[in-house]
Amino acid sequence: MKIAVVTGAGKGLGREIAKGLAAKRFTVLVTDIDAEAARATAEAIGDGAWSMRQDVRDPSSHHEVARAAAERGSLALWVNNAGVLHTGHAWDHDDERVRQMIEVNVLGMIWGARAAVAAMSDDGGHLINIASLSSITPVPGLAVYGASKQAVLGFTISLAGDIRRAELPIEVSAVCPDGIDTDMVSSQRGNEQAGLVFATSKLLTVEEVAGVVLDLVDRPKLAVSVPRSRALLAHAMRPFPEFSLKVLKPFLWFGERQRKKTNEES
């Protein structure tokens with residue numbers, strides 16, 4: 001029996017990924033800090049899916065999840081999806097918000113990756129980390145979040161190098177999506193510093209991004225960005241940080257306009 005672990009799968013993107021994996025005949029272990037939400041996802045999926053409450057900031061929790069997966073079958077896939085987003089000037093965040101973003105988005109991903117690699121080192125498997133388009137472009141208003149997601153992408157690529165050097169039978173991937181229409185993103189509509197989150201005519205849907213993740217299961221790639229058009233622009237600007245900040249001004253203007261519009265409509 002192939003087991004897939006999806007962290008932060010109580011709702012949003014994680015839930016959609018878990019549903020898709022079940023359709024691919026994985027037995028899914030759903031984890032979330034909200035035990036009831038995790039349970040609801042597992043029940044909605046069916047097909048043997050089960051849930052565990054997990055605070056990804058606790059390194060031991062990942063080993064507990066890996067052991068629980070191994071008791072049911074072969075751990076073949078681990079998706080580090082859990083994440084938190086707070087927007088605003090870096091100096092205006094209180095200390096706990098900064099700590100939460102770094103501990104969940106960075107350390108939680110690293111703890112999960114370490115547990116997954118340890119569990120898969122003999123039989124092989126696939127680790128997928130959910131990064132962000134902010135991993136590859138400057139994001140004023142999301143400096144701490146952007147830094148955390150740059151760490152996700154950097155860690156993923158370097159980890160892939162370690163795994164190849166060690167000749168372990170494990171694939172590693174990072175997915176870098178633009179803004180997704182989730183509760184996490186919607187909660188930032190009232191924040192004046194969140195303009196770049198909404199700098200698009202239409203936010204990505206969880207189905208679109210989950211579809212990319214599910215495609216990676218069949219055709220592994222080291223890193224993919226969604227949508228490709230925005231990613232090409234981000235990559236083109238990356239070697240020129242000063243120029244990038246100037247180019248972002250019209251995006252900030254448009255994003256602020258969209259943020260106000262959607263905030264008024266909600």
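**Entry 1: Pro140.** I looked up the contacts of Pro140 in this predicted model, setting aside its neighbours within four places in sequence. Pro140 is in contact with Gln193, Leu196, Leu245, Leu248 and Leu252. I then located the residue: Pro140 sits in the loop that runs between β5 (125–130) and α5 (143–165). Is Pro140 buried, exposed or partly exposed? I found a relative accessible area of 32%. Because buried requires under 20% and exposed over 50%, Pro140 counts as partly exposed. I also checked one distance along the chain: Pro140 and Ala160 are 20 residues apart, and their C-alpha atoms are separated by 29 Å.

**Entry 2: helix α3.** Next I listed the buried residues of α3 (residues 59–72), which are Ser61, His62, Val65, Ala66, Ala68 and Ala69. They cover an arc of only 160 degrees around the axis, so they lie on the same side of α3. The general rule I kept in mind is that an α-helix has 3.6 residues a turn, so residues three or four places apart point the same way. On the other side of α3 I noted Ala70 and Glu71 as exposed. Which elements do the buried residues of α3 pack against? I recorded the strands β1 (2–6), β2 (27–32), β3 (50–53) and β4 (74–80), together with the helix α4 (95–120).

**Entry 3: the whole chain.** I then turned to totals. The protein contains 9 helices and 7 strands. How does its radius of gyration stand against that of a compact globule? For 266 residues a compact globule would have a value near 18 Å, and the protein has 18 Å, so the two agree. Along the principal axes, I read a C-alpha trace spanning about 50 × 40 × 35 Å.

Of the 266 residues, 50% count as buried. The protein exposes about 12,700 Å², of which carbon and sulfur atoms supply 51%. Among contacts between residues at least 6 apart in sequence, I noted that 68% join residues at least 24 apart. Finally, I compared the charges: the mean positions of the 30 positive and 32 negative charges are 5 Å apart.

Note on methods: Residues numbered from 1 in each chain as written. Predicted model: local features only at pLDDT ≥ 70, side-chain atom pairs only at ≥ 80, totals over all residues. Heavy atoms only, no water. Helix = DSSP H or I, 4+ residues; strand = E, 2+ residues; numbered from the N terminus. Rg over C-alpha atoms; globule rule 2.2 N^0.38 Å. Buried < 20%, exposed > 50% of the residue type's maximum accessible area, 1.4 Å probe, protein only. Contact = heavy atoms within 4.5 Å. Areas by Shrake-Rupley, 256 points an atom, 1.4 Å probe, with all protein chains shown as cover. Lys, Arg positive; Asp, Glu negative; His and termini not counted. Charge placed at Lys NZ, Arg CZ, Asp CG, Glu CD. Arc of directions from axis to C-beta.
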